[in-house]
Amino acid sequence: MKPVIRSFAVACAFVMLAGAQSAQPDQSAPPAKYRISGVVVNGATGTPLSRVRVVMVPVSEPSKETETTTGADGRFVFEGLPAGYWGLFAERKGFPRQGYGERPGVPDSLTQIATGPGGASEGLTFRTYAPAIVAGKIIDESGDPVPAALEIILQLETGRRTYQMIKNAATDVEGEYRIWDLPAVPCYLLAVAAPQPPTAPDQPPVTFAPTYYSNATDPRTATQLDLKPGEEYKADFVLRRSRGVSIQISGETGSSTAMLYAEGPHGSEVVMAQLGPGEGSTFYNIEPGRYKLTLFDAQTGTQSSRSVEVGTGDVTVQVPFPDPPSVTAKVRLVDGDAKLLSGATFFLHADGGYQTHARAVGPGGTLTIPGMAAGTYKLMLATRGLYIKSVTSANTRVVDGIVDVPETGEVKLDIVLSGDGGRVAGKARADGKPLAPARVVLAPRVDSANFNDYRSYQTESDGSFTYTAVKPGDYILFVTTDWRLEFGNPAAIRKYLATGRPIHVEPKGSIDLQVEPATF
Amino acid sequence: MRFALILAASFLLLPPAASAQPAAGEFSLAGTIVNRLNGTPVRNARVQLSTGDQVESDAAGAFHFSHLAAGQYAVAAAKAGFEEDDGVAVDLHASRADLVIRLTPLASVRGRITDDEGEPVDGVTVVALRSQVADGWRSYEPAGSAVTDDRGQYRIPWLTAGRYLVQAAGYNEHTFAGESVATLRSHDTFAPVYFNGSRDRDSALLVPLTPGGEAHADFSLTLQAGHRLTGHLANIKPHTQPVLQLLSGDEDLGLNRSSLDFFTGDFTIDNVADGSYRLRVKGIGADDQPVVAEQEIQINGHDVTGVSLALGPGFAVKGTVRVEGPDEQTAAESVQQALQEPFLALSAPEGLSFLAEPAVDGAFRIPSVMPGKYRVSFAPSEPLYVASARSGDIDLLADPELVLRSGPPPEIEVVLRADGGSIEGMLAPEMTRDGAVCVFLIAESSRRPPQAACTDGGSFEIGSVAPGSYRLHAWKISAEVEYNSQRVLSKLAASGTQVEVRPAANTKVQLHTLSEEPQ
C-alpha cells in the first residue's frame with residue numbers, strides 16, 4: 001500500500017527565489033495614512049467571495065502581519081497605513097492561499113500593493129482561483145482495485161515552458177484517488193502500481209505496466225488534461241498486467257533508496273519504480289528503453305546514478321556506483337562588495353527533473369555539492385546585487401548556464417560574479433493608469449540561449465518594477481499581460497522584441513522609464 | 001533471481017510454510033473462498049498450503065490444488081480488505097472439493113467534516129483509535145487515519161472489528177500542488193475533538209465496528225484563528241536533541257507547525273487555538289540523562305511571545321518504605337530479603353518505567369524522572385504486602401495514577417506488612433474447559449489494586465493478601481477486563497464470590513462459574 005514515490009527533494013527552485021523581487025517604499029512622501037481596499041472574487045466566475053481571510057504583510061517587516069475577513073459582499077479594507085509596499089494574501093476553504101496578482105501555475109507571480117502618493121491601493125479586485133480537481137479509480141483488467149501511485153506532471157511557466165513532475169498521490173484501498181490542489185494548467189497523469197505478491201512462490205510478483213492517462217503506456221500518446229480552476233476531471237485507469245524484463249541490483253545499497261527514472265512527457269523526468277532500504281533488489285516489469293538508476297542516501301543526502309539501457313533481456317546493475325560526481329566551484333567576485341560573496345547562494349536545478357541543490361558559497365569562495373545524480377543542471381544565482389558574469393569549466397561542458405554533470409568524477413567550475421550590474425526601474429502604465437498585475441520583461445537585444453539572460457518582473461499595484469544587478473549590455477524592455485508567454489524563449493517573444501523599448505545598461509548605471517504594453 | 005523471490009515472498013500475510021510435505025501424490029484439494037458475512041465468493045484471494053504451494057482463487061472464489069499425497073495440511077487464505085486468517089487444518093485421505101474458507105471482512109469509518117456554517121473542511125486529519133484493555137488498563141492504539149478531501153469527506157478503511165474513538169486531530173496547510181508552504185503564519189485551526197464533541201478520551205464516545213461494517217462519524221468543527229507562540233529555550237547542548245510538546249490536560253496535541261533552532265534555542269509554534277496548555281521540552285543531557293523544561297501557557301486571542309524555558313535535569317522522586325508489624329515478623333530473614341528487591345514501579349503509558357529499590361535505611365530515590373503521567377504499581381516480594389502508600393494527600397493504592405508536572409511529587413510513604421493471609425481455591429472443571437482462567441481478588445471496601453492468579457488447571461493460590469473482605473471473580477484469560485478502572489472496580493466489589501482473608505491465615509474457596517465481563 002506504499003506509494004511508489006515517497007519524497008520529492010526540493011520541488012521547485014523558483015519558490016525560493018521569490019525574495020529576489022524587490023521594491024522600495026517611496027520615502028519622499030510625507031507621513032500620511034492610507035488604505036488598502038477591494039473585493040475578493042472567484043477569479044473564474046467574478047463572484048465576490050465571503051469569509052475570505054485576507055492577510056496583509058508589510059514588505060519591510062514581514063513578521064508584522066494583520067488580517068481581516070470578507071463579508072457577504074467580498075469586501076475588505078485595511079486603514080491607517082503608512083506609505084509602503086504590502087503583500088496581500090487570501091485564504092478560504094476551497095481556495096488555497098494565494099497572493100494578490102498570483103496566477104496558479106505561474107511561479108513567483110505576486111503583485112505588491114503600493115500605498116502612498118501615487119500608490120494604487122483602493123478598489124482592488126483580488127482574483128483568487130479554486131484548484132482543479134482530478135479524481136478517478138485505478139483497476140486491473142478484472143475490475144479489482146490496484147494500489148498505485150499517481151504522478152502529476154504539470155506544465156510550468158518559468159520563462160521557458162517546462163513540464164515537471166510536481167506531485168504524487170496514492171490510491172486508497174478501493175483504488176480511488178482524488179487530488180484537489182492542482183493549479184489550472186495543462187497536466188499529464190501517470191499511474192505506477194507497486195508490484196503485488198506473486199501468485200505462486202516460483203513466480204515473479206504480479207506487475208502492471210506504468211500507464212499514462214488515458215491508458216497509454218507511451219508518454220508521446222498520453223492525453224493532456226487542460227485543467228480549469230474549480231473544475232473536476234475524472235481520470236480512470238485500467239492497468240494491464242504485464243511482464244517486462246527485470247533490473248537486478250547486485251551489491252549492497254545500504255541505507256540508500258534506489259529510484260528508477262524515465263523520460264516522461266515533454267522531457268520531464270518521471271519515477272518508474274523505487275526500492276527503499278530493505279525492499280529488495282529487483283525492479284520488475286521494466287519496458288525496453290533508457291532509464292536512469294539513482295541511489296539516494298538519505299543519511300548523507302548524496303546521490304549517484306547510472307544510465308541503464310533496457311532491451312529484451314534482464315539487466316544486472318552493480319552497486320554501489322563508485323566515484324559519484326560532485327560539483328566544486330571556485331567563485332570570484334569582480335567589481336563588487338566582497339561581503340556579498342560570502343553567503344551568495346546558488347541553485348543547481350535538474351533540467352526536466354524536480355531536484356534542486358542549493359548551496360551557499362563558503363569561506364575562500366568555494367562551493368561544493370558532493371554526490372549528485374548525473375544530468376544537466378541549470379545554474380542560478382539567488383543573491384541580490386550580483387549577477388553571473390561567466391561560468392567555465394576545465395573538465396565538463398557548460399553552455400548557456402547549463403552544467404553537464406557526468407556519472408563520475410569531480411566537476412570543476414569557475415564562476416565569476418560581478419557587482420557592477422545596473423538598475424532598471426520604472427512604471428508600467430496603460431490608458432494613463434498603472435498597469436498591474438503585468439509582466440515586464442527584460443530581454444537581451446541579441447538572442448541568447450542562456451535562460452539567465454531573460455528576466456521578468458511582475459509589476460506592483462502602482463505599475464512599478466525594479467531590476468537590480470542587471471548585467472551591462474543592450475536590452476529590449478516590454479510589458480505584457482499574457483501570462484502564458486514564454487518570455488525566455490526568443491522565438492516566442494519575437495514580435496515583442498520588435499516593438500519593445502531598446503535600452504542600454506551601463507555598469508552601475510541606472511535607468512528610469514515608463515512603458516506601455518504594445519498592441520498588435 | 002532466487003534471492004529476489006525470497007524477498008518478494010515476505011510480502012505475504014500468510015504463515016510461512018510449515019514442515020515439508022511430500023510434493024507429489026494422487027489426491028486433490030479444492031474448495032471456495034467466501035465472505036464470512038454474506039457468503040459471496042472472494043476472487044483473487046491467495047490460498048496457501050502448508051507445503052508452500054500457493055494458488056489464487058478464481059472469479060467464483062474457487063481454488064484447486066492437485067498431486068497431493070495423503071497427510072496433514074494447513075490451508076490459509078488471504079485477501080486485502082479481510083482479516084488475517086489462521087487457516088484450517090485438513091487431514092487428506094481422499095480427494096475433496098468441498099473445503100470452504102471463510103474470510104472476515106474488515107470494517108471502516110467514514111464521515112464528513114463541516115464548519116459551523118455547514119461548509120466542507122478539507123485537510124483535516126481524522127484518526128481511529130482502537131480501544132483495548134491490557135493489564136486492566138484501557139488504552140487506545142492508533143489503528144488508521146485519513147485526511148478529508150475538498151468535499152470534507154474522509155474514510156478510514158481496513159479496521160478490525162472492535163470499539164474505536166474517532167478524533168478530528170489536526171488541520172493542514174493548503175497550497176497549490178508544488179508550491180512551498182506559505183510563510184504566512186495566520187491560519188485557521190481547531191482544538192482536537194472526539195466524535196461526540198468531547199475533548200478528552202474518558203468522556204468520548206466509543207464507536208462500535210462490526211466485521212465488514214461501516215460506521216459514520218460526521219463532525220462539525222468551529223474553526224478559529226490560530227496564534228503564534230515564540231520563545232527561547234536555554235541550555236541546549238549539541239547532544240540535547242530537544243523535542244517540543246504542547247499538552248492540553250495530559251494529552252499531547254502533536255505539533256505540525258513548530259520550529260526550534262538547535263543553535264540559538266529560539267522556537268516558534270504556530271496555529272495554536274485559544275486555551276490553556278503546558279509547553280514541555282524533553283531532551284538528552286550529559287551522560288544520557290534526560291533533561292526537561294516545562295511552562296504553563298495561556299493563549300487568549302493573541303500571539304504569545306517571549307516564553308522562556310531552561311532545560312534542566314529531571315527531578316528525583318523520593319520516598320520511604322517501612323515494615324510494620326510485630327518485631328518477630330519484621331525482623332524475619334524472609335522479610336529482610338524481600339526488602340532488597342524492587343517493590344515499586346513508575347511506568348508511563350508510552351513505555352518508560354522506573355523501578356525503586358529501598359536503601360538500607362528504608363529511603364528510596366528514583367533519580368531524574370521526567371514530567372508526565374505515570375502509573376504507580378507495587379510488587380513487594382513474599383511475604384510482604386502494601387498496607388498503605390501515600391504521596392501527600394494522594395492514596396496511591398486507590399489512585400495509582402500519578403501526574404508529575406514541573407516538580408517532584410510529595411515524598412512517597414509506603415508501609416508494608418508481613419502478616420498477610422492467603423487464599424487457596426478450586427475451580428469447577430467446566431470453567432477451564434476452553435482454556436486458562438484468571439482469578440481476581442477485589443477488595444470490598446478499601447480501594448486497592450486487585451491481585452490475580454491465572455491457571456489452566458483447577459486450582460489457584462493468591463498469597464500476601466492484606467487482611468479484609470474481598471470478592472473473587474474469574475474470567476477467561478483472553479477477557480479484556482478494565483480492572484484498574486474505579487468504575488469497573490466498584491461494580492466488581494459488589495458481585496462475585498465473597499471471601500474473608502484473616503491475618504496470616506489461609507482461606508479455602510470454591511468457585512463454580514465464570515463472572516460476567518463488566519462493560
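Predicted model: local features only at pLDDT ≥ 70, side-chain atom pairs only at ≥ 80, totals over all residues.
Residues are numbered from 1 along each chain as its sequence is written, and chains are lettered from A, with ligands numbered from 1, in the order in which they are written.

**Chain A as a whole**

Select chain A and colour it by secondary structure, which comes to one helix and 41 strands; helices (H or I, at least four residues) and strands (E, at least two) are DSSP runs, numbered from the N terminus. The radius of gyration of chain A is 25 Å, close to the 24 Å that the globule rule gives for 520 residues, so the chain is as compact as a globular protein of that length; the radius is taken over C-alpha atoms, and the rule is 2.2 Å times the number of residues to the power 0.38. Along its principal axes, the C-alpha trace of chain A spans about 85 × 60 × 45 Å.

Of the 520 residues in chain A, 46% are buried, where a residue is buried if 20 or more other C-beta atoms lie within 10 Å of its own, exposed if 12 or fewer, and partly exposed in between, with C-beta atoms placed from the backbone. Among contacts in chain A between residues at least 6 apart in sequence, 72% join residues at least 24 apart; a contact requires C-beta atoms, placed from the backbone, to lie within 7 Å.

Next, colour chain A by domain: 14-128 is domain 1, 131-243 is domain 2, 326-418 is domain 3 and 422-515 is domain 4, with bounds that come from an automatic or database domain assignment. The centres of domain 2 and domain 3 of chain A, taken over C-alpha atoms, are separated by 35 Å.

**A hairpin in chain A**

Strand S6 (residues 95-99) is mostly covered, five of its five residues being buried. Across the pair, A:Phe89 stands opposite A:Gly99. Two residues lie between the strands of this hairpin, and A:Gly94 takes a positive phi near 90° there.

**A sheet in chain A**

Now show strands S21, S18 and S24 of chain A, which form an open sheet in the order S21-S18-S24 with mixed pairing. S21 and S24 are the edge strands, each pairing on one side only. Neighbouring strands of this sheet are turned by 20° against each other on average, direction ignored; the strand axes are lines fitted to C-alpha atoms, and angles run from 0 to 180 degrees between N-to-C directions. Strand S18 (residues 245-250) and S24 pair in the parallel sense over four bridges, and A:Gln248 in this pair stands opposite A:Thr316.

Within S21 (residues 282-286), pick A:Asn285, whose phi is near 60°, a positive value in a residue other than glycine. A:Asn285 is buried because 23 other C-beta atoms lie within 10 Å. Then move to the loop between S24 (315-318) and strand S25 (326-334), where A:Pro320 has its place; the peptide bond from A:Val319 to A:Pro320 is cis, with omega near -5°.

**Stops in chain B**

In chain B, select the four strands of the open sheet ordered S22-S23-S19-S26, whose pairing is mixed. Its edge strands are S22 (258-260) and S26 (304-310), each pairing on one side only, and the twist averages 20° from one strand to the next. Three bridges join S22 to S23 (residues 266-272), which run antiparallel, and B:Thr268 is the bridge partner of B:Ser259.

Which kind of peptide bond leads from B:Glu382 to B:Pro383? That bond is cis, with omega near 5°, and B:Pro383 lies in the loop between strand S32 (372-378) and strand S33 (385-391) of chain B.

B:Trp158 counts as partly exposed because it has 17 C-beta neighbours inside 10 Å.

Finish at B:Thr507 in strand S43 (residues 506-511) of chain B, which has 16 C-beta neighbours inside 10 Å and therefore counts as partly exposed. Leaving aside neighbours within four places in sequence, B:Thr507 is in contact with residues including B:Gly421, B:Ile423 and B:Val499.

Note on methods
Contact = placed C-beta atoms within 7 Å. Pairing = 2+ DSSP bridges.
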